[in-house]
Amino acid sequence: SEQTGIIVLSLWEPDTEAPVLVGLRYRPGQNPVLSQEWTSDAVGGGPLASPVLSADGSTAYVNGRDERLWAINTADGKPKWSVPLDYLAQTPPSVSPDGLIIAGGGPGAKLVAIRDGGDKGDVLWTRDDVAPLSTSSRAGNGVAYTVAKDGDTGQTLVVIDPADGHTVNSYPLPQATGWPVGISIGHDRRVVTATSDGQVYGFTPE
């Protein structure tokens, strides 16, 4: 975070039962340039996938192996709140500048949006009919993209409105195999997604 100078990462140390979160402080011009501020085992079962910072850098959002989304204070590593997802999110959440979080995806996932209320997280909406396999990528306040399961083996790029979760559009990924590895959005509104088997799909705005 540029505002706080804090870096948050997950670390699984040797001979331990679960990973932990570690807070590092970036100190430009000093030696060492990075110093460890805190270590936290607050996340139930340990963190899974990368933590994501809030716009002001004061909060790190991370999935727990206990099937919860956790909000962690980046100043000291202490938990602010957690929300049950009821599935194991295996990709990171996405966070908008105003604090709207779309939980991560993975096998058995569903679309869940959560608003950071400061001392608690409020679930705004849930969609059980969409099984996101990837992190949702945001394009401004009104559009988010995720790759979701399509039938038993297919995949499709789903465009949703983060405000209420309704589907804006969907685009099948022909003969997609493997797992989606992310979605990139260009300034010209082009969208590219790819799979772990090396397939790449590009979409241009209409």
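Predicted model: local features only at pLDDT ≥ 70, side-chain atom pairs only at ≥ 80, totals over all residues.

Analyst: Strand 4 covers residues 47-53, and its pairing with strand 5 is antiparallel, over four bridges. Across that pairing, Pro47 is found opposite Gly64 of strand 5.

Strand 5 has a partner in strand 6 too: the two run antiparallel and are joined by five bridges. Here Ala60 stands opposite Ile72 of strand 6. The hairpin that links strand 5 and strand 6 has three residues between the strands, and Glu67 in it takes a positive phi near 65°.

Now for strand 5 itself, which spans residues 59-64 and is mostly covered, with six of its six residues buried. In a regular strand, side chains alternate between the two faces of the sheet. In strand 5, Thr59, Tyr61 and Asn63 point one way, while Ala60, Val62 and Gly64 point the other way, and all of them are buried.

Leaving aside neighbours within four places in sequence, Tyr61 is in contact with residues including Pro51 and Val52, and strand 4 (residues 47-53) is one of the partners of strand 5. Among its other contacts are Leu69, Trp70, Trp81, Val95, Ile101 and Asp116.

Nonpolar side chains tend to be buried together in soluble globular proteins. Tyr61 belongs to the largest nonpolar core, a set of 14 residues, and is among those with the most contacts inside it, along with Leu69, Trp81, Leu85, Tyr87, Ile101 and Ile114. Strand 6 (68-73), strand 7 (79-84) and strand 10 (111-116) each supply at least two residues of this core. A second, separate core has 10 residues, including Leu100, Ile102, Val130 and Val158.

Arg138 touches Leu100 and Ile102, and its other contacts beyond four places in sequence include Val143, Pro162 and Ile185. Arg138 is buried yet has no salt bridge, because such a bridge needs a distance within 4 Å and the nearest side chain of opposite charge, Asp98, is 5.4 Å away. A polar atom of the Arg138 side chain does lie 3.5 Å from the backbone oxygen of Leu100.

Terms used. Residues numbered from 1 in each chain as written. Heavy atoms only, no water. Buried < 20%, exposed > 50% of the residue type's maximum accessible area, 1.4 Å probe, protein only. Lys, Arg positive; Asp, Glu negative; His and termini not counted. Polar contact = N/O pair within 3.5 Å; in protein donor to acceptor, adjacent residues only side chain to side chain. Contact = heavy atoms within 4.5 Å. Core = buried A, V, L, I, M, F, W, Y, C linked by side-chain atoms within 4.5 Å. Pairing = 2+ DSSP bridges.
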